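Please look over the sequence and the model before reading on.

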Amino acid sequence: MSKIVEGLFYTNTHEWVKVEDGFAFIGITDYAQESLGEIVFIELPEEDDSLEKGEELGAIESVKAASDILSPITGTVVEINESLEDEPELLNTDAFTNWIVKVELSDESELEKLLNAEQYKEICE
Amino acid sequence: MKKTVLYDAHVALDAQMVDFGGFLMPLIYTSITEEHNYVREKAGIFDVSHMGEFYIKGKEAGKFVDYIFTNDVSSMVDGQVLYGMMLYPTGGVVDDLLVYKVHNEFYIMVVNASNADKDFAWATEQQKFDCVLTNESDNISEVALQGPLAEEILQKLTDYDLSTLTFFTFSMMLINGKNVLVSRTGYTGEDGFEIYGYETEIKEIWKEILEAGGENIAPAGLGCRDTLRFEVALPLYGNELSKDITPLEAGLASISVRLEAGDFIGKDVLVKQKAEKTKRRIVGLKLIDKGILRHGYEIFKDGTKVGEITTGYRSPSTGETVAMAMIDRPFDKRGTELEVQIRNKMKKVVVRNKKFYTKSYKEN
């Protein structure tokens, strides 16, 4: 059974969003890392890149396949988690502490349309 | 969806199952890298019961197989295995396969699961000889025991002196009392055996081999089967081989085609292609920039498409990001710098040899 953290927003494509100090941190869920298997590479956006809700934010490569990361929200990238460039396997170790990008939200109301932990749990079952 | 006789064993091991060639097969038990390393360093056992087996029996069995097979069947001795292909008249590949010669009037063809029905229909169409072709795929199960410790492990279960079973030969032998066909063959670049028998026999042998191997063996899924074969540049039908690719273009002529021997379907095209030189061929690529190369990615030189990746991985054995790719001449030369398109971005690759890892067969 994969881990789900309370208090985060989720997508049905297995990304999570955590809002802290007015910024949104985006990552992939434990369920996502488990189904991907060993992650060997991550393609990250750059700082100041603008993200569109539902559009490709980056990509994750496991040994067996490539998989897109879709942005759950619209906004601007203010920081990328550079440690993932050297150690993408951190996502396998803990998908919830290792956020992928920090984003300045364009439209906070988008968050309301995301899933809560309970709703996301149903998708994973 | 078909299940092999080992389906319950895979589920009990908590394997991630996938559809492969119409069969529900184990993709991963623990992790691709872990299973991969077991096969390279110790031993792994694969359920390959999905593979297709055809029997060809009768007076002209050899003649028939020779007619549809690129390698030289007439030179085979009893107990020998030969790798080769069946071709369309265009020179494109119907399938790549192994031929086992039991004796002059009995041959076995072992074909890819995903192609088995197509292969059988194709072979049946060409069958105008004094022999009988039957599809035994549903009756025969198979496991592959691969890795440097394969011989040591299997020897615990048989009185047959396995050191006398040389590379690409086979024999019937008793494995814990079960009379099965064992060949010194495989698809990993390591020493090892492929074991063919009836369902109940293979079900028991799977369990017995795992017990005999103890800590030195792990069940290995299709995920690592692909990384293992890729690292030693063995082709996969659908990637390096297809109806639109000839064995010469795939760079497999030396091990699979005998143009100087008898006639076979597609031979004239190969003769012509050999004389004129192929317009493209499979080469190795190494990614200079960061990323992973995958099947289907397009390759460019100065903005013009010159090829496509057939298989790519970060090699579990070496950690290098490499691929096999079909590249137009003259961009196939080693050291040529090309570009690959990965998700709308162009990244640098360089042509290299496709020996990403050195095979360690027991050739004697």
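The points below concern chain B, its domains and some backbone details.

This is a predicted model, in which local features need pLDDT of at least 70, side-chain atom pairs count only at pLDDT 80 or more, and totals for chains, interfaces and linings use all residues. Residues are numbered from 1 along each chain as its sequence is written, chains are lettered from A and ligands numbered from 1 in the order in which they are written, and side-chain values use heavy atoms, with hydrogens and water left out.

**Domains**
- Chain B comprises domain 1 (2-49 + 140-231), domain 2 (50-137 + 246-276) and domain 3 (279-352); the bounds come from an automatic or database domain assignment.
- The centres of domain 1 and domain 3 of chain B, taken over C-alpha atoms, are 32 Å apart.

**Interface of domains 1 and 3 of chain B**
- Nine residues of domain 1 are in contact with ten residues of domain 3 (heavy atoms within 4.5 Å).

**Backbone details**
- Most residues other than glycine have a negative phi, and most peptide bonds are trans.
- Arg329(B) and Pro330(B) are joined by a cis peptide bond, with omega about 5°.
- Phe168(B), which is not a glycine, has a positive phi of about 60°.
- Asn344(B), also a residue other than glycine, has a positive phi near 70°.
- Asn344(B) is exposed, its relative accessible area being 71% (exposed means over 50%, with a 1.4 Å probe and protein chains only).

Terms used: Buried means under 20% relative accessible area, exposed over 50%, partly exposed in between (1.4 Å probe, protein chains only).
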